[in-house]
Amino acid sequence: MTEILKLSALTDGPCIGDVLCSIDDIENSGAKEFSFRSGNDLYDIFIQNQDGNIYAYVNVCPHAGTPLNMEEGRFMEKSGKYLMCHTHGALFQLDDGLCVAGPCNGARLQAVAIKVEKGSVLVA
């Protein structure tokens with residue numbers, strides 16, 4: 001299983017409890033993107049709102065190493081059931097990031113540690 005990214009562990013990352021955004025800032029079936037540095041490394045993440053359920057992942061396909069999205073804030077495929085890599089069409093389950101179709105079948109997206117409190121998405 002892929003290790004969960006803790007933003008608070010990044011050298012230039014936010015602290016535990018810092019607010020990343022309000023849930024109201026993310027439209028349903030949409031996402032909000034963020035970038036954080038740790039030394040020379042850049043971590044691009046996204047927070048997805050799907051029917052009020054909030055998920056956070058590193059924005060990197062485990063197969064191609066490319067960002068999942070081609071359009072800002074859009075990670076879902078047409079049915080709204082799966083996250084999709086727009087480079088080669090791999091499909092990932094929302095709840096655990098597991099690839100269920102495509103060349104990285106069985107691999108997972110790297111989750112980001114967050115928590116939701118009082119309508120805000122916080123660093124966990």
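Which residue forms a salt bridge with Lys115? The partner is Glu117, and the closest N and O atoms of the two are 3.5 Å apart. A salt bridge is here a side-chain nitrogen of Lys or Arg within 4 Å of a carboxyl oxygen of Asp or Glu. Lys115 is partly exposed at 34% relative accessibility, and Glu117 is partly exposed at 39%. Buried stands for under 20% relative accessible area, exposed for over 50%, and partly exposed for values in between (1.4 Å probe, protein chains only).

The model is predicted, so local features need pLDDT of at least 70 and side-chain atom pairs count only at pLDDT 80 or more, while totals for chains, interfaces and linings use all residues. Residues are numbered from 1 along each chain as its sequence is written, and side-chain values use heavy atoms, with hydrogens and water left out.

The structure holds 3 salt bridges. One of them joins Arg74 to Glu27, with the closest N and O atoms 2.7 Å apart. Arg74 lies in the loop between strand E4 (53-58) and strand E5 (82-84), and Glu27 lies in the loop between strand E1 (19-22) and strand E2 (31-38), so this pair ties together parts that are 47 residues apart in sequence. Strands (E, at least two residues) and helices (H or I, at least four) are DSSP runs, numbered from the N terminus. Arg74 is partly exposed at 33% relative accessibility, and Glu27 is partly exposed at 49%.

Asp96 and Arg108 also form a salt bridge, in which the closest N and O atoms are 3.2 Å apart. Distant parts of the chain are linked by this pair: Asp96 is in the loop between strand E6 (91-93) and strand E7 (99-101), and Arg108 is in the loop between E7 and strand E8 (114-117), 12 residues apart. Both residues are partly exposed, Asp96 at 26% relative accessibility and Arg108 at 25%.

The aromatic residues were examined next. A pair of aromatic rings is described by the distance of the centres and the angle of the planes. Rings of Phe, Tyr and Trp (its six-membered ring) pair if their centres lie within 6.5 Å; planes under 30 degrees apart count as stacked, over 60 as edge-to-face and the rest as tilted. The count by this rule is 3 aromatic pairs. Phe34 and Phe36 form a stacked pair, at 6.3 Å centre to centre and with 15° between the planes. Phe34 is buried, with a relative accessible area of 16%, and Phe36 is buried at 13%. Phe46 and Tyr57 form a tilted pair, at 6.2 Å centre to centre and with 40° between the planes. Phe46 belongs to strand E3 (residues 41-50) and Tyr57 to strand E4, 11 residues apart, and the pair links distant parts of the chain. Both Phe46 and Tyr57 are buried. Together with Phe75, these two residues form one aromatic cluster.

A nonpolar core is a set of buried Ala, Val, Leu, Ile, Met, Phe, Trp, Tyr and Cys residues joined through side-chain atoms within 4.5 Å. The largest such core has 17 residues, of which Leu7, Leu20, Ile45 and Ile47 touch the most other members. Two or more residues of this core come from each of E1, E2, E3, E4 and strand E9 (120-123). E4 gives the largest share, 3 residues. Contact means heavy atoms within 4.5 Å. Leaving aside neighbours within four places in sequence, Leu20 is in contact with residues including Leu7, Phe34, Phe36, Ile47 and Val121. Another core, of 16 residues, lies apart from the largest one, and among its members are Ala31, Leu68, Phe92 and Leu94.

Three strands form an open antiparallel sheet in the order E2-E3-E4. Two strands pair if DSSP finds at least two bridges between them. E2 and E4 stand at the edges with a single partner strand each, so one side of each is left without a neighbour in the sheet. E3 and E4 run antiparallel and are joined by 6 bridges. Gln50 stands opposite Asn53 in E4.

Ser120 is found in strand E9 and is buried at 18% relative accessibility. Not counting residues up to four places away in sequence, Ser120 touches Val19, Cys21, Ser22, Ile23 and Lys115. Lys115 is also the residue that forms a salt bridge with Glu117.
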